[in-house]
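This report describes the secondary structure, sheets, salt bridges and surface of one protein. Please keep the sequence and the structure in view while reading.

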Amino acid sequence: MIDKHFVLEDISPVLLYGQNNIHLQMIKSLFPKLRIVARDNVLHVLGDEEEMVEFEERIEEMRKHVLLYNQITPEAILDIVRGRKTDNDHAGGVVVYTTAGRPVKAKSQNQQRLIDEYEKEDMVFAVGPAGTGKTYLGIALAVKSLKEKSAKKIILCRPAVEAGEKLGFLPGDMKDKIDPYLQPLYDALEDMIPPAKLREYIDKRIIQIAPLAFMRGRTLSDAVVILDEAQNTTTAQLRMFLTRMGKNTKMIITGDLTQVDLPRGQRSGLREAHAILKGIKGISFVEMSQKDIVRHKLVTRIVEAYERAESIAEPSTIS
């Protein structure tokens with residue numbers, strides 16, 4: 001008789017055990033010579049030595065399946081135990097899967113270029129209009145790196161540019177005042193990481209979400225670092241952020257130069273970075289357009305309409 005413990009690292013055990021432990025009961029029935037007891041993310045297994053070896057291999061395959069796809073079905077469990085390939089094994093070009101099992105992959109040529117440049121370079125600028133998937137795809141790439149253990153943490157930040165309301169007059173403490181600026185980053189993460197696991201990552205600071213100002217003085221190593229809405233940084237702010245880069249770190253900087261919210265007369269740091277840094281080895285710029293918009297079809301029409309209006313307007317009428 002063999003007695004072993006298996007720790008289900010990096011996944012929410014609920015996803016493997018299934019609702020009301022239906023998957024766990026199935027796994028128990030597939031290994032009748034073993035006694036399997038689950039306690040949170042630990043499986044205590046007692047039984048036949050030969051079947052234990054088989055169980056160890058298969059439970060690791062199931063763990064990897066859940067880590068990759070954020071779900072597992074009874075059919076997939078059966079395929080894994082029987083040594084057959086699961087249907088998802090044939091999926092190509094997928095960055096990650098959402099918590100609903102939907103594949104996140106490039107939907108345009110420039111989105112694919114963003115993925116390719118991220119693999120090749122340490123710093124990538126993704127610049128383009130709203131709806132082109134810059135932030136969402138960037139976070140997907142960061143989540144993939146975390147899952148593959150090529151990065152130890154994800155750091156996401158945005159400039160907290162005030163648009164109408166002053167931070168000091170908003171209700172709540174500093175976190176309450178800042179969180180609305182960071183909500184789009186939380187939304188993307190919640191789409192790709194199960195809620196319990198996401199809370200754990202945030203509590204352990206494996207995933208950090210903060211305003212740009214909080215980056216000052218830090219050295220960011222072994223991480224994927226994303227700066228969103230970079231068009232709302234000044235030159236000094238963006239320079240400060242870029243020079244936080246430490247060893248084994250990748251940076252993704254996203255922005256839309258048509259949506260600058262800085263005070264009138266203040267030049268966007270993203271615009272200047274494009275002129276200063278383009279052509280430097282290790283830095284790549286991916287420029288997106290209306291053709292890359294993946295939101296509702298009306299978003300494309302809205303962007304095109306505003307661009308037409310700006311092209312014929314007097315410079316003094318454009319804010």
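## Overall composition

The structure is a predicted model. The protein holds 11 helices and 11 strands. Of its 319 residues, 47% are buried.

The accessible surface of the protein amounts to about 17,400 Å². Carbon and sulfur atoms contribute 51% of that surface. Among contacts with a separation of 6 or more, 69% are between residues 24 or more positions apart.

## The antiparallel sheet

Strands of a sheet pair through backbone hydrogen bonds, in either the parallel or the antiparallel sense.

Strand 1 and strand 3 (residues 42-47) run antiparallel and are joined by 6 bridges. Within this pairing, Leu46 of strand 3 stands opposite Asp3.

Strand 6 (residues 123-127) pairs with strand 11 in the parallel sense over 5 bridges. Phe125 has Phe285, in strand 11, as its bridge partner.

In the whole structure, 15 salt bridges are found. Which residues form salt bridges with Arg58? One is Glu54, with the closest N and O atoms 2.8 Å apart. Another is Glu61, for which the closest N and O atoms are also 2.8 Å apart.

The spacing along the helix can be followed from the residue numbers. Glu54 and Arg58 both belong to helix 3 (residues 49-69) and are 4 residues apart, about one turn of the helix. Because Arg58 and Glu61 are 3 residues apart in helix 3, about one helical turn separates them.

Is Arg58 buried or exposed? Arg58 has a relative accessibility of 15% and therefore counts as buried, the cut-off for this class being under 20%. Glu54, at 29% relative accessibility, counts as partly exposed. Glu61 is likewise partly exposed, with a relative accessible area of 34%. Arg58 thus forms salt bridges with Glu54 and with Glu61, while Arg58 itself is buried.

## Other salt bridges

Glu200 forms a salt bridge with Lys204, and the closest N and O atoms of this pair are 3.1 Å apart. Glu200 is partly exposed, with a relative accessible area of 29%. Lys204 has 55% relative accessibility and so counts as exposed, since the cut-off for exposed residues is over 50%.

A network of salt bridges links Asp10, Glu60, Arg63 and Lys149.

## A nonpolar surface patch

Which residues make the nonpolar surface patch of about 330 Å²? The patch is made by Leu298, Ile302 and Tyr306. Tyr306 is located in helix 11 (residues 297-312). With a relative accessibility of 57%, Tyr306 counts as exposed.

Definitions and conventions. Residues are numbered from 1 along each chain as its sequence is written. This is a predicted model: local features need pLDDT of at least 70, side-chain atom pairs count only at pLDDT 80 or more; totals for chains, interfaces and linings use all residues. Side-chain values use heavy atoms; hydrogens and water are left out. Patches are made of residues with over 30% relative accessible area and no salt bridge: like charges are joined within 9 Å, nonpolar side chains (Val, Leu, Ile, Met, Phe, Trp, Tyr) within 5 Å. Accessible areas come from the Shrake-Rupley method with a 1.4 Å probe; for residues, only the protein chains shown count as cover. A salt bridge is a side-chain nitrogen of Lys or Arg within 4 Å of a carboxyl oxygen of Asp or Glu. Helices (H or I, at least four residues) and strands (E, at least two) are DSSP runs, numbered from the N terminus. Buried means under 20% relative accessible area, exposed over 50%, partly exposed in between (1.4 Å probe, protein chains only). Two strands pair if DSSP finds at least two bridges between them. Contact means heavy atoms within 4.5 Å.
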